[in-house]
Amino acid sequence: RAEVSEPVLCVIERDGRPVFQLPLRLRRRLGVMEALPLAAPLAQDVDAIGEAPDALPALQAALSTRLGVDLLVLRKLRADGALARALVAGGIAPFAASAAPFIDLAGFGDFAGYEAAFSSSTRRKSRQRRQAAEKALGALSFRARPLGEEPGDRAALAQAITWKRAWLAEA
């Protein structure tokens, strides 16, 4: 069954110009009006557009008084983003912090040991994807080591971040 929600754009203006925008969607669950980020749960992370560290009181007023929101649900909030800065400036501390997901392969010894933990069909699909990538890009290898152990690590990390940003821009 499709979820019914209403998109809204919260805009805070200063001197007639928007300085802070937060795209949300409203939904009613169990009698509670919730405001969630517009792209939740599909977005990788959540942030506002613009910069207004003093935005929290106006945002609270708009959500509760004008829109009747009982609960603002923020998951995957960017710790370095404008919305986080506005919340902290307004006295709201993060409820829980998390980091980007990583896989600790140390318990498996190597990548082959990690793969052995999956079903044969999952391993076959993974092997087929890897073979297609090798055909398109050349030989691939998987290594695990601490960052900074070899020259060029910082450059490799910067390249990975560039690729991730390009991928996000395409999505």
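Is F118 buried, partly exposed or exposed? F118 counts as partly exposed, because its relative accessibility is 34%. (Buried means under 20% relative accessible area, exposed over 50%, and partly exposed in between, with a 1.4 Å probe and protein chains only.)

1. First, the ground rules. This is a predicted model, where local features need pLDDT of at least 70 and side-chain atom pairs count only at pLDDT 80 or more, while totals for chains, interfaces and linings use all residues. Residues are numbered from 1 along each chain as its sequence is written, and side-chain values use heavy atoms, leaving out hydrogens and water.

2. Now the overall layout. The protein has five helices and five strands, and from the N terminus on the order is β-β-β-β-α-β-α-α-α-α. Here helices (H or I, at least four residues) and strands (E, at least two) are DSSP runs, numbered from the N terminus.

3. On to surface and packing. Of the 171 residues in the protein, 20% are buried. Among contacts (heavy atoms within 4.5 Å) with a separation of 6 or more, 52% are between residues 24 or more positions apart.

4. Have a look at the hairpin. Strands β1 (residues 6-14) and β2 (residues 17-29) run antiparallel and are joined by nine bridges; two strands pair if DSSP finds at least two bridges between them. E13 has P18 in β2 as its bridge partner. Two residues sit between the strands of this hairpin, and D15 takes a positive phi near 55° there.

5. You'll find D47 in the loop between β3 (32-37) and β4 (49-50). D47 counts as partly exposed because its relative accessibility is 26%. Leaving aside residues up to four places away in sequence, D47 touches L22, R78, G81, A82 and L83. With L22, the C-alpha to C-alpha distance is 7.5 Å, although D47 and L22 are 25 residues apart in sequence.

6. Back to F118. The structure holds one aromatic pair. Y114 and F118 form this pair, edge-to-face, at 5.2 Å centre to centre with 80° between the planes. (Rings of Phe, Tyr and Trp, the last by its six-membered ring, pair if their centres lie within 6.5 Å; planes under 30 degrees apart count as stacked, over 60 as edge-to-face and the rest as tilted.) Y114 counts as buried because its relative accessibility is 17%.
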